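Please look over the sequence and the model shown here before reading the briefing, which moves from the ligand to the strands.

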Amino acid sequence: MYSSRKLHLINPIQFFLPYYYAFSPISPYFFPSILPPFNPPILRNGSPAIIAPSILSANFADLGHDCTKKMEQGADWLHVDIMDGHFVPNMTIGCPVVSQIRGCVDRPLEPCARGTFDCHMMIMEPHKWVKEFQKAGCDLYCFHYEAAVSSVAATDPTDKETTQRTSPRQLIKYIHEEVHPGFGGQKFMASELPKVSALRARYPELNIEVDGGLGLGTIDQAAEAGANVIVAGSAIFGAQDPADVIAKLRDAVQKRRGLEAGSA
Ligand SMILES: O=C(CO)[C@H](O)[C@H](O)COP(=O)(O)O
């Protein structure tokens, strides 16, 4: 399952561990057996800032234009929240809409380059949808570990490894009661940051994404913990000057990572 040091899902057919959804209390640390062998960190100035406005906070009546605009205002990626009303108590968009907005933003020429659609799959059985979303224009995927595991556990009750770790029912309960993924504008949960720090210590060169509650008031904490992919919805879309907010978020991360401000 875990065959690369890169936690990004570039190839949608391969299901690696998600590169991390910092505000889920069900983190890979609950399932240490799936982590790759520990390698002592080699500290290098890698992982430049990547700012990914979450289009959950866009004007859905003018979504294509909003996507183009955010790219013009300095975004690197767009964070595309896919919700099915089952895994999370909210619904957003499916493949037809992704395909329409893809036409408003040039597809990246290489993995993780500018224009990447970073799809946050808040859906049950994400593996069933990855190909369709790739065709529609998604470039990489962030899925919840518990959704992927629970779908395997549900479809293959003989898979001891997954069924012993968890069950769909336990996990769904846990998400609903503890996290409430599915909505923008929630309070930043600084209590989760030690997990980000632990990941950064372990993987100095990987992209580590933080999503939820990020803005000018919280970016320094996330950057300090080691996040370099910054997802922000309400803080960017709700700003008077989104370009300025994007630039400031980028500079905060670049500074912390020892990279030149303004360059990504
Ligand atoms: O994944 C998400 C919700 O589940 C959103 O991407 C996230 O909440 C961004 O919104 P905000 O920056 O307003 O907190």
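A residue counts as near a molecule or strand if one of its heavy atoms lies within 4 Å of it. This is a predicted model, in which local features need pLDDT of at least 70 and side-chain atom pairs count only at pLDDT 80 or more, while totals for chains, interfaces and linings use all residues. Residues are numbered from 1 along each chain as its sequence is written, and side-chain values use heavy atoms, with hydrogens and water left out.

**Around the ligand**

- There are 20 residues around the ligand, and those that come nearest are Asp 81, Gly 185, Gly 213, Gly 233 and Ser 234.
- Sorted by class, this shell has 7 nonpolar, 11 polar and 2 charged residues, where Ala, Val, Leu, Ile, Met, Phe, Trp, Tyr, Cys and Pro count as nonpolar, Asp, Glu, Lys and Arg as charged, and the others, Gly among them, as polar.
- At least two residues of the shell come from each of β2 (77–83), β3 (116–122) and β6, strands being DSSP runs of E with at least two residues and helices runs of H or I with at least four, numbered from the N terminus.

- A polar contact is a pair of N or O atoms within 3.5 Å, and an N or O atom in the side chain of Asp 81 is 2.8 Å from an oxygen atom of the ligand.
- For the side chain of Asp 211, an N or O atom lies 2.9 Å from a ligand oxygen atom, whereas for Phe 183 a polar backbone atom is 3.3 Å from an oxygen atom of the ligand.
- On its own the ligand has 370 Å² of accessible area, of which the protein covers 98%, as computed by the Shrake-Rupley method with a 1.4 Å probe.

**Strand β6 and its partners**

- Strand β6 (residues 229–232) is covered on both faces, with Val 229 and Val 231 buried on one side and Ile 230 and Ala 232 buried on the other, where buried means under 20% relative accessible area (1.4 Å probe, protein chains only).
- Strand β1 (residues 50–53) pairs with β6 in the parallel sense over 4 bridges, two strands being paired if DSSP finds at least two bridges between them.
- Within this pairing, Val 229 is the bridge partner of Ile 50, and Pro 53 stands opposite Ala 232.

Definitions and conventions: Buried < 20%, exposed > 50% of the residue type's maximum accessible area, 1.4 Å probe, protein only. Polar contact = N/O pair within 3.5 Å; in protein donor to acceptor, adjacent residues only side chain to side chain.
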